[in-house]
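Q: Could you walk me through this model? I would like to start with how you sort residues by accessibility, and then go through the fold and the charges.

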Amino acid sequence: MQITLNLPDSLSQTETFNQSDWLREIAIALFQQERISLSRASKIAGMELMDFQKLLADRGICVHYDVEDFEQDVQHLRDRGWL
């Protein structure tokens, strides 16, 4: 399997990435290549779902939302007692 990471232009070459930065970038790449769901990507990135969606939007990445994502969101709401 080959994964391509497109890093933001705002990163300078001297800036070092920590583990959470790499996990976030890997999650974005896997999501963008439609290898994992939005929910799974946000978990890998260690971010709340809405924060991860905002990050994607800030980078101009389209959020593809499928049935699996919907079911996970419904289950999340049930788990928190909101449904």
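A: Buried means under 20% relative accessible area, exposed means over 50%, and partly exposed is in between, with a 1.4 Å probe and protein chains only. At 59% relative accessibility, Glu-34 therefore counts as exposed. This is a predicted model, in which local features need pLDDT of at least 70 and side-chain atom pairs count only at pLDDT 80 or more, while totals for chains, interfaces and linings use all residues. Residues are numbered from 1 along each chain as its sequence is written, and side-chain values use heavy atoms, with hydrogens and water left out.

Q: Which secondary structure does the protein chain have, and in what pattern?
A: The protein chain has 4 helices and 0 strands, and its pattern along the sequence reads α-α-α-α. Helices (H or I, at least four residues) and strands (E, at least two) are taken as DSSP runs and numbered from the N terminus.

Q: What percentage of the residues count as buried?
A: The protein chain has 83 residues, of which 27% count as buried.

Q: And which residues make up the largest nonpolar core?
A: That core has 12 residues in all, namely Ala-27, Ile-28, Leu-30, Phe-31, Ile-36, Leu-38, Ala-41, Ala-45, Phe-52, Leu-55, Leu-56 and Ile-61. Helices α1, α2 and α3 each supply at least two residues of this core, and the largest share, 4 residues, comes from α1. A nonpolar core here is a set of buried Ala, Val, Leu, Ile, Met, Phe, Trp, Tyr and Cys residues joined through side-chain atoms within 4.5 Å.

Q: Where is Trp-22 found?
A: Trp-22 is found in helix α1, and because its relative accessibility is 38% it counts as partly exposed. Ala-45 itself belongs to the largest nonpolar core.

Q: What about Gln-32, where does that lie?
A: Gln-32 also lies in helix α1, and with 39% relative accessibility it counts as partly exposed. Its C-alpha atom is separated by 8.3 Å from that of Val-63, which is 31 residues away along the chain.

Q: Changing topic, how many salt bridges does the structure hold?
A: The structure holds 4 salt bridges, a salt bridge being a side-chain nitrogen of Lys or Arg within 4 Å of a carboxyl oxygen of Asp or Glu. One of them joins Glu-25 and Arg-59, with the closest N and O atoms 2.7 Å apart. This pair links distant parts of the chain, since Glu-25 is in helix α1 and Arg-59 is in the loop between α3 and α4, 34 residues apart.

Q: Is Glu-25 buried or exposed?
A: Glu-25 is buried, because its relative accessible area is 3%. Arg-59, by contrast, counts as partly exposed at 26% relative accessibility.

Q: Which other residue meets Glu-25 in a salt bridge?
A: The side chain of Arg-24 does, at 3.6 Å from N to O, and Arg-24 is partly exposed with a relative accessible area of 22%.

Q: What about Lys-54 and Asp-58?
A: Their side chains meet in a salt bridge at 3.2 Å, N to O, and both residues are exposed. They are 4 residues apart in helix α3, so about one helical turn separates them.

Q: Which residues do salt bridges with shared partners join into one network?
A: Asp-21, Arg-24, Glu-25 and Arg-59 are joined in that way.

Q: Back to Glu-34, where is that found?
A: Glu-34 is found in the loop between α1 (19-32) and α2 (38-45). Its phi is near 60 degrees, a positive value in a residue other than glycine.

Q: Which residues form the negative surface patch?
A: Glu-34, Asp-66, Glu-68 and Glu-71 form it. Patches are made of residues with over 30% relative accessible area and no salt bridge, with like charges joined within 9 Å and nonpolar side chains (Val, Leu, Ile, Met, Phe, Trp, Tyr) within 5 Å.

Q: And where is Asp-66 found?
A: Asp-66 is found in the loop between α3 (49-58) and α4 (67-79), and with a relative accessible area of 37% it is partly exposed. Asp-66 and Ser-37 are 29 residues apart in sequence, while their C-alpha atoms are 8.3 Å apart in space.

Terms used
Accessible areas come from the Shrake-Rupley method with a 1.4 Å probe; for residues, only the protein chains shown count as cover. Lys and Arg count as positive and Asp and Glu as negative; His and the chain ends are not counted. The place of a charge is taken as NZ of Lys, CZ of Arg, CG of Asp or CD of Glu.
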